[in-house]
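Q: I have a structure open and would like to go through it with you. Could we start with how the helices pack?

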Amino acid sequence: MFTLRAEQLDPEVAADPTQYLADFEHLFESLGEERFVAFVHVGEARGRRQLHIYRDELALRGDDKSRALFDAVVADEAHHEAYTGAILATLSTKPRAAIARARRWELWRAWLRAGRLVSAAVFTWTMRLLYLCLFPLALYEKRRAR
Ligand SMILES: [Fe+2]
């Protein structure tokens, strides 16, 4: 659905293969079934809320064709949210606690990812500055060695 609409809106971007890259983390194996289903449930709920915001924005802009697409996707996400919630209720004796734990885990993961991004940027700019500042010293040492 999204690909077809994207091709209608901007065929050049829709045909770009770099737009289709995805990564994966084997979360079912690392989290276990209950925690994984709680994680998926939280993600489906967040996705539904975000897509609803896009749907409302498209309605405000008067793009009825895209809004109708998002209406269908929001309904689909609500279905995913409901059935993952139902599965979680069968897997867990405390589904609310499992959902709260999934939210905390996602927050912690977001914190780590933000830290990784910030530290990578700090390292890159520190090294650039360091090499720039050391360049005159390198020239001096090269001349002194002759
Ligand atoms: Fe979904």
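Q: At what angle do helix α4 and helix α5 pack, and how far apart are their axes?
A: In this predicted model, helix α4 (residues 33-61) and helix α5 (residues 64-91) pack at an angle of about 160°. Their axes are 8 Å apart.

Q: Parallel or antiparallel, then?
A: Roughly antiparallel, because angles over 145 degrees are placed in that class and α4 therefore runs roughly antiparallel to α5.

Q: And is the crossing left-handed or right-handed?
A: The crossing of α4 and α5 is left-handed.

Q: What classes of residue make up that contact?
A: The contact of α4 with α5 has 15 nonpolar residues, together with nine charged and seven polar ones.

Q: Moving to A89, where is that residue?
A: A89 is located in helix α5.

Q: How far is A89 from L4?
A: From C-alpha to C-alpha, A89 and L4 are 36 Å apart in space, and 85 residues separate them in sequence.

Q: Changing topic, how many helices and strands does the whole protein have?
A: The protein has six helices and zero strands.

Q: Is the protein compact or spread out?
A: The protein is more spread out than a compact globule, because its radius of gyration is 24 Å, well over the 15 Å that the globule rule gives for 146 residues. The C-alpha trace spans about 75 × 45 × 25 Å along its principal axes.

Q: What share of the residues is buried?
A: Buried residues make up 10% of the 146 residues.

Terms used
Residues are numbered from 1 along each chain as its sequence is written. This is a predicted model: local features need pLDDT of at least 70, side-chain atom pairs count only at pLDDT 80 or more; totals for chains, interfaces and linings use all residues. Axes are lines fitted to C-alpha atoms, for helices over the stretch in contact, and angles run from 0 to 180 degrees between N-to-C directions. Helices (H or I, at least four residues) and strands (E, at least two) are DSSP runs, numbered from the N terminus. Angles under 35 degrees count as roughly parallel, over 145 as roughly antiparallel, 65 to 115 as roughly perpendicular and the rest as oblique. A crossing is left-handed if the near helix is turned anticlockwise from the far one by less than a right angle, and right-handed if clockwise. Ala, Val, Leu, Ile, Met, Phe, Trp, Tyr, Cys and Pro count as nonpolar, Asp, Glu, Lys and Arg as charged, and the others, Gly among them, as polar. The radius of gyration is taken over C-alpha atoms; the globule rule is 2.2 Å times the number of residues to the power 0.38. A residue is buried if 20 or more other C-beta atoms lie within 10 Å of its own, exposed if 12 or fewer, and partly exposed in between; C-beta atoms are placed from the backbone.
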